[in-house]
Amino acid sequence: MRYGEKVCRNDKLFVKGDVCPLCGESNFSHSWKGMVIINDPNESEIAKVLKITKKGKYSLWTK
Ligand SMILES: [Zn+2]
């Protein structure tokens, strides 16, 4: 857990603004573990496992 970084609970994306650009909601958590950066979701096994379809920085676990 790091202060200042928040993660969308819906899709686990790290969000800097007030609204998640993926789902348009403000359902954020500051309790997260792990970090993965997805550059090409179509070529990433991790992205498939996590069901990530857009590139970005994601957490592996979010409370
Ligand atoms: Zn979201």
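Guide: A charge sits over a ring if NZ of Lys or CZ of Arg is within 6 Å of the ring centre and within 35 degrees of the ring normal. This is a predicted model, where local features need pLDDT of at least 70, side-chain atom pairs count only at pLDDT 80 or more, and totals for chains, interfaces and linings use all residues. Residues are numbered from 1 along each chain as its sequence is written, and side-chain values use heavy atoms, with hydrogens and water left out.
Visitor: OK, which ring does the charged end of Lys 33 sit over?
Guide: That of Trp 61, 4.9 Å from the ring centre. Lys 6 has its charged end over the ring of Phe 28, 5.1 Å from the centre.
Visitor: New topic: which residues are the protein donors of the zinc ion?
Guide: Cys 8 (SG), Asp 11 (OD), Asp 11 (OD), Cys 20 (SG) and Cys 23 (SG), at 2.2 to 2.7 Å. Donors are N, O and S atoms within 2.8 Å of the metal (3.2 Å for Na, K and Ca); water is not among the atoms, so sites may look incomplete.
Visitor: And how are the donor residues spaced in sequence?
Guide: The pattern reads C-x2-D-x8-C-x2-C.
Visitor: Is Cys 8 buried or exposed?
Guide: Buried, at 0% relative accessibility. Buried means under 20% relative accessible area, exposed over 50%, partly exposed in between (1.4 Å probe, protein chains only).
Visitor: What about Trp 32, buried or exposed?
Guide: Trp 32 counts as buried too, because its relative accessibility is 4%.
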